[in-house]
Amino acid sequence: MLVPRIFQPLHLRLVRAILTPCKQQCEMWGSLRWKHSGIQHYKAVIFDMGGVLLPSPYKVAAEWETWNRVPAGTIKQAIISGGENNAWMSYMRGELSAADFIEAFGKQCSEIAGWPVPVASFLTDLTSGLMTKQLPMMTDAIHCIRDEGLQTAVLSNNFYLHSGESFLPLDRSQFDVVSNKMVEHGVSFPLMTATVIPESDIRERKRESAFLNTLQNNAQVFRCLLFSLQKVSDPAIALKELETLLGFPLQGSVPGTRTVRKAMEIPVEPLKKFLGKVLGISTSEELILRQFSHGQSNPTYYIETGGHKVVLRKKPPGKLLPSAHAVEREYRVLKALGEVGVPVPKVLALCEDSSIIGTSFYLMEYCPGRIYKDPSLPGLDPSQRGDIYTAMNHTLSQIHSVNIKTVGLEDYGKYGNYVQRQVQIWTKQYKATETHTISAMERLIEWLPQHLPTEEKTTLVHGDYRLDNLIFHPEKPEVLAVLDWELSTFGDPISDLAYNCLAHYLPPDFPILRGMNKCNLEELGIPSAEEYFTLYCQNMGIQTIKNWNFYMAFSFFKVAAILQGVYKRSLIGQASSANAEGTGKLAERIADLAWDFAIKEGFRIFKSFPTSNLGMPTRTYSTWTRRLQLPTGPPASVCTTRDYSTSSHLPKGLLIVSPDGLSSHVKDLYHKLEKFMNVHIYPNEQKLRDYQASKNRWTPNPLVEELKERAKLEGLWNLFLPLEADPEIKYGAGLSNLEYAHLCELMGRSLNAPEIFNCSAPDTGNVEVLVRYGTGEQKEQWLKPLLDGKIRSCFAMTEPKVASSDATNIEASITEDGDSYILNAHKWWTTGALDPRCKLCVFMGKTNPDAPQHKQQSMVLVPMDAPGIKIVRPLGVYGFEDPPGGHGELIFENVRVPKKNILLGPGRGFEIAQGRLGPGRIHHCMRLIGYAERSLELMKKRVKSRVAFGKPLAEQGSILMDVANSRIEIEQARLLVLKAAHLMDTIGNKAAAPEIAMIKLVAPNVASRVIDRAVQAFGAAGLCSDYPLAEFFGWARSLRLADGPDEVHRTAVAKMELKR
């Protein structure tokens, strides 16, 4: 009998691909067991969860049996009996719910023990406490593995808890791939189809992976998949075995470091002697030596010995270019700056004796802190990001303000003509490392000397000043140390500033330096290039520099030359970074970007000439897309890779009225969505309508679920969340409201489409509420499954006994009772409440009826399975029940929820409701334009094919008038929708309130009229379910109430107009 994985002694499965048929591999099994030991060819490590990353459950089972007086071995016997289809294995494969498993497994254990066995508590013990804590040694090992550039994956069990969540108590950020899927033999290899291991390279990649596992019955499976196996007894031994396989230690991880690469090894014994003299320690002290993975130029090492932590920085090995990699200069400038308070590491010693480790080097103290490699600063809030950039700007100003004579650096560089010399130096460096012709570099080499700045200030410049060369204080926005002074000299400080702004113009996926050219900087709290430049000018007390584009062209030219040098060194094995070869090939891409800035600078110069002298006309006949003036400062718009996809990039007044005006990325998304609608949704509409009239209508439609999975795979998922609510694009697609308006209209052409793309109400509004106002725990419990499409939700506000269009009338009570709230209410028109997938209700009621009018209400998150919730009936809209979600009438009778389920706090409900009325509610208006456009399209097709009274309907005067009126009204309504969305992006939801109120009034009225005309043209056919018109009309009419009655919107618009 085979014992399933979580009860086996820990063992190690070594993954090795032998390029022979399976039959031959099985015959060669014994002779190949350790043939590959010690060879470092692995690219990934796959971890099993139970018993490897988490503590072994076997001890828990034994202790539980003792504590509950259950005969020893009962659990094990229940697991191994019954074969692969017993209760345990079915649960592991996710085929049983937690409740079904407890019933079936409990019955099995009770039969074995001879009396009732409470297996529910065993499942609790198995999934709580220490059993959910990752072993520290495994955490350290994962860090070491990832530090080496290997990828990691985890295979978890596939069982689900009572909450419906899969059991995975691990930090997912540790892994490139997470899979909880089991196949027939109980194992899955997600890496074979994920980007980590492409399917096209499966055989090669299998031998590049190691598998740490606890699944004993996989032996035959692994053999057939060309794997060899090795078994050990506990985690510590497993890691030692893994160390042997991988060829590097799996403990002692230091952030930003890895084991020393073979080509960068240095002799340890001579180094120990030198350290003994400098640090005053014994040469017998143990020495830990690791290499910093950050940086491409001078190899840098972390050393820990005798209680000291130091950093060693040296020249690369081999023949070097003249004056390059001068660590002696780095040492000198660090020592000088440290004495006048500039934040730099404290230097300890300089060694110019190459006999010790092969090259000159220097030592400095290790400075622990934060290094931000991603300039968008994920994980920080907007104010923190702004503070980080302010601190970086201040430190740059501090460097440029150093009195050169005071610090004794008078002879550190040459005075004047810095940019000219730098152009010459980097031209020479580029030519010395040139491997092929880069046309943009050739043009820049000719252009740059002809456009040198006429005036230059000389200061100390860093030469490579960027965010990831700074160490920040662990807890506050303070620069502790500026690193990598290899390129420092005397020069033009504006060149440092321009270089510091490179990230503003690079894409986020740029491999050398991550960029931000597609980020909404305003929402992130990061200053734009213009704002950063202005702040620097204020700190330095200087005026704005007009020839900013020149400095950007020069900076990118310099980067291109550096990359070319890295690439050339990689060809001869001298580059200090493992991925130098790949990054060096980016030189051509950066050179093209530099040339783009050169072109912009040429336009600036041209535009500065008086037009009268040129005899050129001053009138422009350009469209809005070409009326953008090039600013004299450092505009974000000067880069040709500019993306208009976020509100921060949209110049005020710029309104995209057609999908053709969208950015290339969003336009591609639009066309993918359009294709999906044409191929998968329109052809299935009748099937979907028929299902809604069938006896199974209150059960989710399998076809919808199938289409949802397809949409998710195609990246057409969660498109609705506005960028201003999700600036880090953690949850949505990163679209602005204006961009989403075009996509949402397209979805509105079919009533089924929004749900298929996980963009349907009320989930969209509830998701936005959770993103904006939810706690971390609330987001983990509800937001994640909503975004995954695993659950649905509803919003309970409207009540039958009061005029709910005035939210202050709400009578539902939320009463405090110890650590809980007690809810009592009669609600109706709670859309989605009848859906069996509906697990969450956002409930609005009063916590304090005596508080000020708009501080009485609160919102609480209520699980739909909470005792006391009764669904009275589904409510129909003109006879349409809208299954499976429906519109429910609900009774909440003494429903108890924990206090932690409240949103924001007591009395904040009206505030949340107003926030929810923004993007989430204007989505209805966007979809209504889609209803109207589809209805007019159907109407045109109908009237062209039908004849009445001797001529086609399309030639009848009344029909022609209806078509014209519909087209006119659709265009007017669409423009108002787009304007409202645009204003929400550019001036905010509150300032856009008049337009939001107007469109909530206009859109449903226009749609109702357009649809009604289409129904009239169709005749009786327009009333039945053969076409979507009847449902379109029902929804459009109901939205004149659901989004607030017309009268409320008219009143709001009038009041705001009178205040203008």
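Me: What makes a residue buried, exposed or partly exposed here?
Reply: Buried means under 20% relative accessible area, exposed over 50%, and partly exposed in between, with a 1.4 Å probe and protein chains only. By that rule Trp-88 is buried, and so is Phe-101. Bear in mind that this is a predicted model, where local features need pLDDT of at least 70, side-chain atom pairs count only at pLDDT 80 or more, and totals for chains, interfaces and linings use all residues. Residues are numbered from 1 along each chain as its sequence is written, and side-chain values use heavy atoms, leaving out hydrogens and water.

Me: Why is the pair of Trp-88 and Phe-101 called edge-to-face?
Reply: Rings of Phe, Tyr and Trp (its six-membered ring) pair if their centres lie within 6.5 Å; planes under 30 degrees apart are stacked, over 60 edge-to-face, the rest tilted. Trp-88 and Phe-101 have 5.8 Å centre to centre and 65 degrees between the planes, so edge-to-face it is.

Me: Why does Trp-447 count as buried?
Reply: Its relative accessibility is 10%, so Trp-447 counts as buried. Phe-550, at 0%, is buried too.

Me: How do you know that Lys-558 lies over the face of Tyr-499?
Reply: A charge sits over a ring if NZ of Lys or CZ of Arg is within 6 Å of the ring centre and within 35 degrees of the ring normal. Lys-558 is at 4.9 Å from the ring centre of Tyr-499 and lies over its face.
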